[in-house]
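Thanks for coming, everyone. Let me put the model on the screen, and then we'll walk through it.

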Amino acid sequence: MIVDMQPEFIVGEYKETTQHFFNGCSRKVFYTEIETPYPDGKLIVSTTSPEGIINHVNKAFVEMSGYTEEELLGAPHNILRHPDMPAVAFKDLWDTILRGEKWQGIVKNLRKDGGYYWVKATVIPNVRAGKVVGYTSVRRKPSRTKVEACIQLYPTLF
Amino acid sequence: MSYLFTVSPDFAPDRLSGWYIFNTWLQKNTFEAIHLELFNNYNKLHDAIGAGKVDLIYANPFDTASLVRNYGFLPLVKPEGLSDEALIAIRADSDTTDVTELIPGTRIALTNDPDVKMIGMMMLEPSDLDAGSIETIPSENYVLVAKHLLRSEAEAGIFLAEAYDNLSALIKNQLKVLVRSQISVIHHALMIGPNFQHKREEILALLTTMHECEKGMGVLNSLGFKGWQKIEDEEMEFMIDLMDTLNTDIL
Ligand SMILES: Cc1cc2nc3c(=O)[nH]c(=O)nc-3n(C[C@H](O)[C@H](O)[C@H](O)COP(=O)(O)O)c2cc1C
């Protein structure tokens, strides 16, 4: 389940907004301008059920998100959704993976402490015996020029 | 009829005799005739796989997807605690301190190990470098990658992390690591083909216990392994998915 963010976990000066998710749920989020740099040489990996509920995360995921593994497992993946990310990006993500294809994009993710980190994400369907049993996402360090381009582009997509 | 066993051509040259020793051990303990054939390059290997000739293979992570999905191979084991990691190194006296300082046109020495190249190229991405914007210096092995750096024929080199760690101190002292991967889930796998799969459980039991006796331990030593660890089917599928996600637009 997804719950409101807690102000006591936020580090630094923050803004507040309410996010409305695709499934009709909403959540109060607090976010700061503090960026956590993507760690060199690491991959952030998670897998989800066909509905996007997280069922596996690696250590790098836990470290970068700021949540504990227990908080992440069973949560929907929009627990990381940053208010600066346009909804069309995620619509494109889901349209693509539902067609059985691989999706790739630059994503700004929200940390539990209100900060953020940029990733280059690839999401693919996991097919077992001809059936999609879930999705895997692998994130790696994005190029700074691609991030700068998204910083310019994303606000125009709202 | 004998079964055919082969090893991904990226094995370390000093392990050559180790693989022959392992094959002898395997034949003795399975009471099967198994012929070890080593192919010089990936093309020859893939031809043999395509012709259905291979029954047992110590495979590069790159080949595992098609072995499982196109040729019906199943995983057996991986070397305990070993994963495929790569690193990017430069000359120790270079002014460069961060991988993002590497610029288009940089000469990068590398071998043709596909997974090491993939991980290395991934670590160059944050610098906006890709196959089109670097000059690659193909090298037979990692010692030669190091030599290209020392002779200033390349500014950076992509190494299998394990191979770099095993370079002599004399060489390593003249180099420095810019970035080292910490992926931990990409690894080689010993896999069994359709014609040999009736022996899967038996071979699995042999391999996962071979470190328990002195004889088996000696054979493992000659390969540089501590032991073999069972790979669950889902773990293999997960690695294949991971390779699929990564193997997009890099090479
Ligand atoms: C495997 C997988 C990984 C995902 N990773 C992220 C992520 O890192 N950050 C994110 O905001 N959304 C991610 N999503 C998308 C979310 O499921 C969700 O669509 C998004 O956060 C927008 O929320 P909404 O669709 O509920 O409006 C991922 C989806 C899948 C299937």
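Which residue in E8(B) is the bridge partner of B:Leu87? It is B:Phe159. Quick ground rules. This is a predicted model: local features need pLDDT of at least 70, side-chain atom pairs count only at pLDDT 80 or more, and totals for chains, interfaces and linings use all residues. Residues are numbered from 1 along each chain as its sequence is written, chains are lettered from A and ligands numbered from 1 in the order written, and side-chain values use heavy atoms, leaving out hydrogens and water.

Back to chain B. Strand E5 (residues 86–91) and strand E8 (residues 156–160) of chain B pair antiparallel over four bridges. Strands here are DSSP runs of at least two residues, helices H or I runs of at least four, numbered from the N terminus. Pairing takes at least two DSSP bridges. Both strands sit in an open, mixed sheet of five, ordered E7-E6-E8-E5-E9 (chain B). Its edges are E7 (135–138) and E9 (175–180) of chain B.

Now the interface. 25 residues of chain A are in contact (heavy atoms within 4.5 Å) with 22 of chain B. Between chain A and chain B there are five salt bridges, meaning a Lys or Arg side-chain nitrogen within 4 Å of an Asp or Glu carboxyl oxygen. One salt bridge joins the side chains of A:Arg140 and B:Glu125, at 2.8 Å, N to O. On chain A, strand E6 (116–128) gives the largest share of the side touching chain B. That share is seven residues.
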